[in-house]
Amino acid sequence: MNLLTEPIGISHYLVVGAVLFVSGVVCMAVKRNALGVLMGIELVLNGANLNFVAFGSKFLQKNGANSIGLDGSLIAVFVIVLAAAEAAVALAITLNYYNNHATVDVDRADELKG
Amino acid sequence: MNLAGTILLAAINWHSFFFLFFALFACAFALAVVFTPNVVRMAFYLVLSLGATAGLFFLAGADFVGAMQFLIYVGGTLVLLVFGVMLTAQGPFVSIKTRGGEWVLAALVGGSLLAVLASIAFSVPEWQGGAPKNESVIAGVPVTAGVPVTGGGPVTGGGPVTGGGPVATGGPVAMAPAASAAPTSAAMGMGLLGMRVDRLEETNPLKQSGLSGYLLPFEIVSVHLLVVLIGAAYLARTKRRRAAILD
């Protein structure tokens with residue numbers, strides 16, 4: 001009830017971003033499917049994006065002039081575009097790996113191990 | 001009962017309510033992405049999590065970023081990922097199990113990282129609690145406008161609220177934030193072209209040097225995206241010659 005009545009601050013957005021970030025890091029670490037690792041990267045980038053938007057918002061601080069303003073939104077758009085580019089290349093590499101090894105298990109990609 | 005319910009409704013900060021709704025949605029489905037072994041379900045949960053994050057962007061006032069999140073992320077990037085899932089999810093690759101020891105280690109590292117980040121997020125006093133005028137920005141009708149509703153009941157109370165409530169009581173409260181909650185897309189477009197129309201009245205000379213806009217990063221990211229897409233098409237193409245030789 002306390003959370004429902006008091007106004008939302010940057011901290012709350014940062015906690016949600018932290019949950020998304022940690023989920024993405026754990027996803028990257030434990031998934032053995034290469035596409036699962038890619039989804040973890042998307043979650044990490046999304047958590048970072050949430051922080052940029054929160055710091056750029058005028059409505060989450062007592063003094064809205066302290067926010068970084070439009071820069072937060074602009075950087076978030078750049079992050080979205082870079083995430084799209086990263087997903088395209090990583091998916092191409094994954095498909096290449098699948099064509100060459102007939103598997104998407106990243107633990108089997110150990111040909112370079114000395 | 002009815003009076004208590006309406007007082008409860010009037011006390012709810014609807015900005016906080018919708019924040020909690022979208023935040024729980026996003027976090028729950030992000031955790032579902034981690035814990036489900038099935039890669040097809042992972043893709044679906046990721047769509048829901050990113051869609052809820054777009055809702056959080058809208059709540060923070062970043063309407064253009066929220067729309068781009070839907071269009072590019074959910075509509076483009078994840079469709080790409082789903083195509084990758086469909087191309088590779090065959091037989092044993094639909095669900096590859098993770099060993100138990102790795103789960104324990106990941107939970108340990110991830111939990112401690114989350115604890116550190118959450119404690120840091122609540123350690124700065126400037127980051128806690130927004131302005132009290134927030135509720136009138138998102139809900140459109142300030143809390144004081146809900147008082148006539150409790151007096152006349154929900155059905156008949158709709159008349160006075162729409163008639164004079166928001167204009168008379170909510171006028172001075174809602175006008176100032178409504179003016180500042182303008183759409184951001186035009187200002188962002190000008191920022192990408194190198195003009196910061198949102199900071200025209202910047203008086204601090206230390207900050208004025210940083211108002212050059214984002215034209216060069218915009219050009220760099222455009223060329224980067226072009227190169228990356230050509231490279232991805234080159235990498236993912238079917239290698240007919242080599243297959244013909246092997247046959």
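This is a predicted model: local features need pLDDT of at least 70, side-chain atom pairs count only at pLDDT 80 or more; totals for chains, interfaces and linings use all residues.
Residues are numbered from 1 along each chain as its sequence is written, while chains are lettered from A and ligands numbered from 1 in the order in which they are written.

Start with a pair of helices (DSSP runs of H or I, at least four residues, numbered from the N terminus). Nonpolar means Ala, Val, Leu, Ile, Met, Phe, Trp, Tyr, Cys and Pro; charged means Asp, Glu, Lys and Arg; the others, Gly among them, are polar.

Now take the whole interface. In it, 72 residues of chain A are in contact with 80 residues of chain B. Contact means C-beta atoms, placed from the backbone, within 7 Å. On the chain A side, H4(A) gives the largest share, 22 residues. That side divides into 47 nonpolar, 18 polar and seven charged residues.

Turn to H5(B), residues 100-121. Its 22 residues should span 32 Å at 1.5 Å a residue, and its end C-alpha atoms are 31 Å apart, which agrees. The expected span is 1.5 Å times one less than the number of residues. Ala106(B), Gly110(B) and Ala121(B) are its buried residues. A residue is buried with 20 or more other C-beta atoms within 10 Å of its own, exposed with 12 or fewer, and partly exposed in between. Seen down the axis of H5(B), the buried residues fall within an arc of 35°, so they line one face. The arc is taken over directions from the helix axis to the C-beta atoms. These residues pack against H2 (10-30) of chain A. On the other side, the exposed residues include Gly101(B), Leu108(B) and Ser119(B).

Finish in a loop. Asp198(B) lies between H11 (185-192) and H12 (205-208) of chain B. Asp198(B) is partly exposed, with 19 other C-beta atoms within 10 Å. Not counting residues up to four places away in sequence, Asp198(B) touches Gly69(A), Leu70(A) and Ala187(B).

Terms used
Helices (H or I, at least four residues) and strands (E, at least two) are DSSP runs, numbered from the N terminus. Two residues are in contact if their C-beta atoms, placed from the backbone, lie within 7 Å.
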